[in-house]
Amino acid sequence: MTRTTLDLTGLKCPLPALKTRKALKPLHPGDQLEVYCTDPLSVIDIPNLIRETGDTVEITERNDARVVFLIEKADRSIENINGAPPT
C-alpha cells in the first residue's frame, strides 16, 4: 500500500475533481490518495466522484483554509460491483 499526496490548493471547480479522477486511475487496490483542496465546492464534488468510482473517502481535515480528503482505492471498480463489464 502506498500513499500519494495531491496538492490542488488554489484550483477551482471542476479542476479538483478532474485531477483527482486522473490521479486515481494508476493506483492499485489499497493505495491511498491524500488530496488537499481550497475550493469550497470540493466537499461536494470529491465525494460525488468517489461514489462514482466505488472507492472510499473521508475528510480528515476541514477548516476555513483547506479540506483534506483521504481516498482509498477499492479492490474493485463500481462497474464490477454493478455487474457491467469494465471499460
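Modeller: Start with Glu 61, which lies in strand E3 (residues 56-62). Helices (H or I, at least four residues) and strands (E, at least two) are DSSP runs, numbered from the N terminus. This is a predicted model: local features need pLDDT of at least 70, side-chain atom pairs count only at pLDDT 80 or more, and totals for chains, interfaces and linings use all residues. Residues are numbered from 1 along each chain as its sequence is written, and side-chain values use heavy atoms, with hydrogens and water left out.

Biologist: Why is Glu 61 called partly exposed?

Modeller: Buried means under 20% relative accessible area, exposed means over 50%, and partly exposed is in between (1.4 Å probe, protein chains only). Glu 61 has a relative accessible area of 26%, so it counts as partly exposed.

Biologist: Which residues does Glu 61 touch, leaving aside its neighbours within four places in sequence?

Modeller: Contact means heavy atoms within 4.5 Å. By that rule, Glu 61 is in contact with Arg 66, Val 67 and Val 68.

Biologist: What makes the side chains of Glu 61 and Arg 66 a polar contact?

Modeller: A polar contact is a pair of N or O atoms within 3.5 Å; within protein, one must be able to donate a hydrogen and the other to accept it, and residues adjacent in sequence count only if both atoms are side-chain atoms. The two side chains make theirs at 3.0 Å.

Biologist: How far is Glu 61 from Tyr 36 in sequence and in space?

Modeller: They are 25 residues apart in sequence and 9.2 Å apart in space, C-alpha to C-alpha.

Biologist: How do you know that E3 and E4 pair?

Modeller: Two strands pair if DSSP finds at least two bridges between them. Six bridges join E3 to E4, and the strands run antiparallel. Ile 59 has Phe 69 in E4 as its bridge partner. Together E3 and E4 form a hairpin, with four residues between them.

Biologist: Which strands pair with E2?

Modeller: Strand E1 (residues 3-8) is joined to E2 by six bridges, in parallel. There, Leu 6 stands opposite Val 35. Strand E4 (residues 67-72) is also joined to E2 by six bridges, but antiparallel. There, Cys 37 stands opposite Val 67.

Biologist: What makes E2 mostly covered?

Modeller: Six of the six residues in E2 (residues 32-37) are buried. Gln 32, Glu 34 and Tyr 36 point one way, while Leu 33, Val 35 and Cys 37 point the other way. E4 is mostly covered too, with five of its six residues buried.

Biologist: Are Cys 37 and Cys 13 buried or partly exposed?

Modeller: Cys 37 has a relative accessible area of 0%, so it is buried. Cys 13 has 39%, so it counts as partly exposed.

Biologist: How many disulfides does a search of the whole structure find?

Modeller: A disulfide is a pair of cysteine sulfur atoms within 2.5 Å. The search finds zero.

Biologist: Why are the buried residues of H1 said to lie on the same side?

Modeller: These are Pro 16, Ala 17, Thr 20 and Leu 24. They cover an arc of only 95° around the axis, so they sit on the same side of H1. That arc is taken from the directions from the helix axis to the C-beta atoms. What covers these residues includes E1, E2, helix H2 (42-53) and E4.
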